[in-house]
Amino acid sequence: MSSPGHNVAHQFDDAVQQRDASTLGMWVFLVTEVMMFGGLFATYVLYRSAYPEAFAAASHHLNAQLGAMNTLVLLGSSLTMALAVRSAQHGARFGTVAGLLSTIALGSVFLGVKAYEYAHKFEEKLVPGPYFVFDGPEGTHAELFFSLYFAMTGLHALHMVIGVGVLGTLAVMAARGRFSVAYHNPIEIGGLYWHFVDIVWIYLFPLLYLLGRH
Amino acid sequence: MDDARPAQRKLVNAMEPGASRTNYLNADYGLKSWLLTRDHKRIAILYLISITLMFLLGSFFAVLIRLELLTPHGDLVQGDTYNKLFTMHGIVMVFFFLVPSIPAVFGNFLLPLMIGARDLAFPRLNLLSWYVYVVGAAFTLWAVITGGVDTGWTFYTPYSTTASHTNVLTTAIGIFITGFSSILTGLNFIVTIHQMRAPGLTWFRLPLFVWAHYATSLIMILGTPVIAITIFLVGIERAFQLGIFDPALGGDPILFQHLFWFYSHPAVYIMILPSMGVVSEIITCFARKRIFGYEFIAVSSLAIALFGFLVWGHHMFTSTQSVYAALIFSVLSFAVAIPSAVKVFNWTATLYRGSISFEAPMLFALGFIGLFTIGGLTGLFLAALGLDVHVHDTYFVVAHFHYIMVGGALMGYLGAVHFWWPKMTGRMYSEWAARVSAVLVFVGFNLTFFPQFVLGYLGMPRRYHVYPDEFQVLNVMSTTGASILGVGYLVPLCYLIWSLWRGPIASANPWRAAGLEWKVASPPPTENFAQTPIVTEEAYSYPVREAEVV
Amino acid sequence: MSHAVNPHSTPLATLIMVFLALVALTGLTVGVAYIDLGAWSTPVALLIATVKALLVVVIFMELRFGQPLTWLAAVTGVLFMALLIGLTMADVISRGWLGVPGR
């Protein structure tokens with residue numbers, strides 16, 4: 001049975017089943033994401049244990065202050081996302097839209113900083129491939145570090161871009177009054193995705209930026 | 001039985017009990033209604049067509065391989081071409097036929113019916129999964145047409161990332177994309193089974209087919225992402241000359257193998273578990289007896305899924321993997337055989353003192369039990385470290401996995417096709433033709449692959465297009481068997497397609513089988529059930545009275 | 001009608017406090033990185049990251065209101081990733097223990 005103002009898809013018996021199924025579906029999807037990033041983390045663990053000095057030396061070339069600032073930006077975006085979810089749960093349209101837009105804004109700042117960092121790496125000739133140059137004894141292993149740096153932060157950034165798109169869509173829907181106290185699950189599961197992307201960065205930051213700093 | 005009558009009338013005019021005027025096939029017409037469908041049953045048919053085409057492609061490569069191996073010399077194709085043949089045979093058969101086969105066709109079609117639901121939890125994701133599959137297949141086909149790949153389906157580095165001059169990148173992209181089809185299917189199944197069972201349908205009342213697909217879905221979502229990221233790394237290494245797996249640049253090729261096999265071993269359980277679910281359904285129906293040890297079979301599916309993730313290193317016994325890791329993997333590989341054995345014992349006990357009849361689905365299911373047992377036992381040979389060192393990379397391994405994949409999984413798939421064909425199409429096929437093809441498949445299969453056990457033990461390596469003269473007799477036997485096997489696969493194509501036009505109309509329950517899917521018309525209406533059924537019985541409550549159409 | 005609503009909602013104060021904790025922990029992890037802890041650097045960094053992750057998962061992602069099945073899903077994901085890394089590293093670490101070349 002559907003209440004006025006939101007739809008229950010035909011395959012579901014009621015709104016509760018639809019909500020529970022959607023939420024479980026997002027969590028299962030996040031499990032697949034954990035495994036996908038897990039392969040990269042496994043690669044990282046193996047090579048860092050094999051070449052600790054090279055990894056420490058390479059990590060020095062990353063700007064830890066910028067990385068830390070970006071971490072705070074992303075954590076802030078998780079706060080605004082949680083606030084958006086909370087507003088949605090209370091049926092507060094303005095709070096929902098404001099929260100989503102703030103999250104998008106902070107996420108965009110993060111991506112902008114990453115773009116700047118990537119451009120800087122390009123100038124420093126630290127992009128792996130035929131033009132890679134590393135002044136230090138462990139050039140090939142440092143290149144391995146940067147391969148992982150670009151692969152891991154690149155995949156993370158791709159997820160953020162997708163996340164911004166998803167949140168933008170949700171913001172438009174929220175602004176049009178599609179959500180209510182009775183129906184707001186898409187915001188919640190959008191939030192789950194965004195928080196997951198934040199968690200990945202919570203691990204990436206110390207593992208990539210803070211090696212060998214003492 | 002009314003199904004024996006020749007078809008004299010068109011489906012839409014059939015007025016017999018069990019036939020419906022409007023069903024999912026004729027509910028809407030036109031290409032758009034199929035390509036934009038959200039009906040799980042139509043999506044299953046879309047998959048059926050796609051994977052059949054890919055199966056034919058994979059078989060084409062197999063034909064060339066067996067023809068080349070008729071003679072000891074490399075006289076049909078050159079070595080480089082032969083490398084491409086076995087590579088593409090493996091890739092197409094594994095990723096584009098076996099992995100999707102039963103889940104994408106029969107899982108999609110039957111799961112909602114078996115649990116009393118109107119559709120899967122996410123019908124649009126379901127359709128998306130088919131499109132993702134098609135796009136992935138298109139990339140791979142493009143790679144095949146424009147020169148092929150020669151790395152082996154296992155893509156070992158650094159050959160695949162550095163030395164190979166074939167279409168590795170395109171193929172890698174194709175497999176990467178198709179992996180997401182698997183992930184979406186698995187996700188859909190898990191949520192559906194958890195959230196959308198009919199009232200009264202507790203976990204231990206579910207058909208074992210559902211348990212099998214649940215376990216398969218767990219593997220799909222936990223394993224496939226790892227091969228996705230691994231293929232991704234291979235792709236960027238190749239495209240940008242990075243050094244992730246290349247030892248010349250400090251990379252570890254064994255890391256690739258760990259990452260690859262972390263998925264690819266559980267993948268073999270993705271390929272076999274659904275067949276086991278099919279066999280449970282068929283055996284119990286044609287023995288007219290409740291399955292023996294229901295809970296054990298159900299839980300053993302989960303056990304296989306879990307243990308399957310702990311054994312991948314047994315593919316790496318002859319790599320530079322450490323002996324201690326090899327020991328752990330060897331012991332665990334012995335353990336993973338136990339839940340499979342439990343199933344075989346329970347199926348056998350179900351047959352004991354059953355009222356057995358030998359319709360075509362039953363022939364395929366019985367064939368599965370015998371051939372899977374042989375394949376599984378030879379797996380234990382391979383799990384033993386010392387023996388594996390002797391037969392690794394020989395035809396012993398090739399025979400082992402073909403016994404499981406072809407003698408097991410493919411037989412299960414054919415059994416499923418024959419068992420649920422009347423449900424899906426509303427038509428019966430020619431029973432005698434089906435039995436003939438089952439026998440052809442069984443005989444042809446054994447003649448093809450049993451000699452390969454001997455060849456492998458005698459030392460014939462795999463992936464070589466030439467071999468010593470003394471191995472020719474066994475190879476000729478194998479190719480002869482393959483010819484018979486090929487006929488055995490082509491015959492069903494003929495009589496099944498024929499049945500669509502001229503087959504007798506099928507009733508709702510031509511096999512007098514238990515299960516919710518047999519309570520709806522053949523073919524089912526789009527919405528499956530007019531009213532959500534309420535389940536009060538255990539599964540497999542045989543004998544089944546004349547079924548009522550719900 | 002109201003049973004369609006998730007009855008749980010996180011209070012505003014909780015969300016802000018969690019955020020502040022996350023910020024503090026970020027500062028901590030940066031600060032600790034500049035101290036020589038020897039072999040303990042990595043475990044400490046991972047521990048701090050895990051505490052942050054747990055705060056996000058349990059509070060922001062509202063896992064604390066979640067059904068047991070949701071907890072199972074979350075734990076399973078982490079467990080299998082640990083399995084991948086753990087067994088792979090078991091091989092890497094134990095290479096050479098036997099003293100036989102190539103093993």
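Q: What makes α6(A) count as mostly covered?
A: In this predicted model, 23 of the 25 residues of α6(A) are buried.

Q: Is α5(A) roughly parallel or roughly antiparallel to α6(A), and how do you know?
A: Look at the angle. Helix α5 of chain A (residues 139–175) packs against helix α6 of chain A (residues 185–209) at about 155 degrees, and their axes are 10 Å apart. Angles over 145 degrees count as roughly antiparallel, so α5(A) is roughly antiparallel to α6(A). The crossing of the two helices is left-handed.

Q: Which residues make the contact of α5(A) with α6(A), and of what class are they?
A: From α5(A) come residues including A:Y149, A:M152, A:H156 and A:L170, while α6(A) brings, among them, A:I187, A:Y193, A:W194 and A:W201. Sorted by class, this contact has 16 nonpolar residues, five polar and no charged.

Q: Which residues meet where α6(A) touches α2(C)?
A: On the α6(A) side are A:H195, A:D198, A:I199, A:I202, A:Y203 and A:P206, and they meet C:A45, C:A49, C:K52, C:A53, C:V56, C:V57 and C:F60 of α2(C). By class there are ten nonpolar, one polar and two charged residues.

Q: How many residues take part where chain C touches chain A, and which element gives the largest share on the side of chain C?
A: Chain C gives 41 residues and chain A gives 41 residues. On the side of chain C, α1 (12–33), α2 (41–60) and α3 (68–94) each give two or more. The largest share, 14 residues, comes from α3(C). That side of chain C holds 29 nonpolar, ten polar and two charged residues.

Q: What does chain B bring to its contact with chain A?
A: Here 33 residues of chain B touch 28 residues of chain A. Helices α7 (168–195), α8 (208–240) and α9 (253–286) of chain B each supply at least two residues, and α8(B) gives the most, with ten. The side of chain B that touches chain A has 23 nonpolar, seven polar and three charged residues.

Q: What is the secondary structure of chain A?
A: Chain A has six helices and zero strands, so from the N terminus on its elements run α-α-α-α-α-α. Its C-alpha trace spans about 70 × 30 × 30 Å along the principal axes. Buried residues make up 55% of its 214 residues.

Q: How do you know whether the span of α10(B) agrees with the one it should have?
A: Helix α10 of chain B (residues 294–307) has 14 residues and should span 20 Å at 1.5 Å a residue; its end C-alpha atoms are 20 Å apart, so the two agree. Its buried residues, including B:Y294, B:I297 and B:F307, pack against α8, α9 and α11 (323–351) of chain B.

How values were computed:
Residues numbered from 1 in each chain as written. Chains lettered and ligands numbered in written order. Predicted model: local features only at pLDDT ≥ 70, side-chain atom pairs only at ≥ 80, totals over all residues. Contact = placed C-beta atoms within 7 Å. Helix = DSSP H or I, 4+ residues; strand = E, 2+ residues; numbered from the N terminus. Nonpolar A, V, L, I, M, F, W, Y, C, P; charged D, E, K, R; others polar. Axes fitted to C-alpha atoms, helices over the stretch in contact; angles between N-to-C directions. Parallel < 35°, antiparallel > 145°, perpendicular 65-115°, else oblique. Left-handed = near helix turned anticlockwise from the far one by under 90°. Buried ≥ 20, exposed ≤ 12 C-beta atoms within 10 Å, placed from the backbone. Expected span 1.5 Å × (residues − 1).
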